[in-house]
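I'd like to walk you through one model, so let me put it on the screen.

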Amino acid sequence: MRYDTIVRGGRAVLPERGVVACDLAIADGRIAGILEPGARAEAAEVLDATGLVVLPGLVDGHVHFGMGSPDDWASESRAAAQGGVTTVINYAQSPDSYLEVEPAERALAAATSLVDFALHCIVMNEGHLAEVDRLVDEHDVWSFKYFSNIKGDEGARLGIPGTDTGFFYALARAVARHPEAVLAVHPENVETIWRLTAEQRAAGAEGLPAWNAARPAFAEAHDIFTTLLFAQETGCRVYVPHLTSAAGLDVVRRFGASDRVHVETCPHYLTLTVDAPEGVVAKVNPPVRTAEDVEALWGALADGTIDTVGSDHISRLEAVKEGSIWQAQPGFPGVSTLLPVLLHEGHHRRGLPLERIVELTATNPARIFRLAPTKGSIAPGADADLVLVDLDRRRTVAAAEIDSHADYSVYEGRELQGWPVATLVRGTPVMRDGEVVGEAGHGRHVPRRAAAPAAQELSRV
Ligand SMILES: [Zn+2]
């Protein structure tokens, strides 16, 4: 058989088998064969992966494209490819009906995205709540999000009606009608935060320590508790995004492992603390915490309490970070540095196995969000989404070298070891040596309905 492409000479991370020296054959955008190294086979193109490791392309289950610039799908999907991310799941966010917003967003992404994609919908009002069944059944949307931190008057700031805990419960009940759908909940108890924010501001407190004191870890733990209780009560599958703290982990562990509960953290909670020299630039919700929290999260990545790592990427400009901690906008870009941070801080510094990094960034998010077996692992029949990584390459993070709309990185100037050197989406190279080589609009919507049941056991160490 003559293949389209063969990736020769690398070591690939394969399901069940670990890091294996092999050649990968690609035909029609899919993995057609896992071959013995040097096996005789013909292909139109040969990619030399000598000295490199080959991972499944990352599935970043947590991005906010469209919040930085209207052209985000074009620019941020390029940034994704530069970071070895081949599928993004974007949080569609609008007060309008998703029955109209979702097809429009999908069409925009299909026209301009370089990498493959799927969508989550953020449920903010009664109209959205009433649309859940149709979004699952007719729009192939299987994941929803609730912001527990925009209850009451906090919603008005974002131009949406405030919700309450009863609304949250009703949403969990609605999502539970679809056993393979999942509800992501941003967990921060806003009533506590209002009071503590007033106290911090009255005391003239500033900087990241003040932001953390105003939105403390126990406020996160409080709403994780509510989320897990609602999961237990309704049978809803839940996803805890961006876990930041030992206190949050403690609640997750008290409830015990469940195939209906999934937990994510982000690179910044694994690397930054309230003492970060970046200061206000590192403002994010929930806040970055303490060195003890950072180490607790690394432990939870290794022991399986945390299932995924997502970027929470948002492409606003650094100018939104001007002023005091109380005025600056939260959030920052991260899709391009997700993998290098995990390789540098996780693999090289803490001995986190490559197999575990693959589970956290590809296999598990693909399964949880119903993109497997098309996405998330290097296996015959799966899409040939691959990232070729040079584990030894040292490079200093420079926002100027990333094609994002954002003009800064919280890791600017940091030298990291371990970088993607080529990215393939369905067999087509979209990045080589840090430069985008693919075409806008190469990305496709990933059908989720046809995928295997997501409730299967996750890959754990
Ligand atoms: Zn987010």
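Let me start with a question: is Glu42 buried or exposed? Glu42 is exposed, with a relative accessible area of 52%; for us, buried means under 20% relative accessible area, exposed means over 50%, and partly exposed is in between, with a 1.4 Å probe and protein chains only.

Before I go on, the housekeeping. This is a predicted model, so local features need pLDDT of at least 70 and side-chain atom pairs count only at pLDDT 80 or more, while totals for chains, interfaces and linings use all residues. Residues are numbered from 1 along each chain as its sequence is written, and side-chain values use heavy atoms, with hydrogens and water left out.

Back to Glu42. Glu42 sits in strand β4, residues 42-48. Helices (H or I, at least four residues) and strands (E, at least two) are DSSP runs, numbered from the N terminus. From Glu42 to Thr5 you count 37 residues in sequence, and the C-alpha to C-alpha separation is 8.5 Å. Leaving aside residues up to four places away in sequence, Glu42 touches Met1, Arg2, Tyr3 and Ile6, where a contact means heavy atoms within 4.5 Å.

Now the whole chain. DSSP gives us 12 helices and 17 strands. The radius of gyration is 21 Å, close to the 23 Å from the globule rule for 461 residues, so the chain is as compact as a globular protein of that length. That radius is taken over C-alpha atoms, and the rule is 2.2 Å times the number of residues to the power 0.38. Along the principal axes, the C-alpha trace spans about 70 × 45 × 40 Å. Of the 461 residues, 63% count as buried. If you take contacts between residues at least 6 apart in sequence, 76% of them join residues at least 24 apart.

On charges, I get 41 positive and 63 negative side chains, with the centres of the two sets 3 Å apart. Lys and Arg count as positive, Asp and Glu as negative, and His and the chain ends are not counted. The charge is placed at NZ of Lys, CZ of Arg, CG of Asp or CD of Glu.

Next, the sheets. Eight strands make an open sheet with parallel pairing, in the order β6-β7-β8-β9-β10-β11-β12-β13. Its edge strands are β6 (58-63) and β13 (308-309), each pairing on one side only. We say two strands pair if DSSP finds at least two bridges between them. Inside that sheet, β7 and β8 are parallel over six bridges, and Tyr91 has His120 in β8 as its bridge partner.

Then have a look at β5, residues 53-56. Both of its faces are covered: Val53 and Leu55 on one side, Val54 and Pro56 on the other, all buried. β5 pairs with β1 (residues 2-14) in the parallel sense over two bridges, with Val53 as the partner of Arg11. With β14 (residues 386-396), β5 pairs in the antiparallel sense over four bridges, and there Leu55 stands opposite Val387.

What about helix α1, residues 72-82: how many of its 11 residues are buried? Nine of them are, including Trp73, Glu76 and Gln82. Among the elements that cover those buried residues are β7, α2 (98-112) and β15 (415-425). Just after α1, Gly84 takes a positive phi of about 85°.

Most residues other than glycine have a negative phi, and most peptide bonds are trans. Arg370 has phi near 70°, and Arg370 is buried, with a relative accessible area of 5%. Asp433 has phi near 50°, but Asp433 is exposed at 57%; Asp433 belongs to the loop between β16 and β17. The loop between α12 (354-368) and β14 holds Pro373 as well as Arg370. The bond joining Ala372 and Pro373 is cis, with omega about 5°. A cis bond also runs from Asn285 to Pro286, omega near -10°, and Pro286 is in the loop between β12 (261-265) and α10 (291-303).

That's my tour, so over to you.
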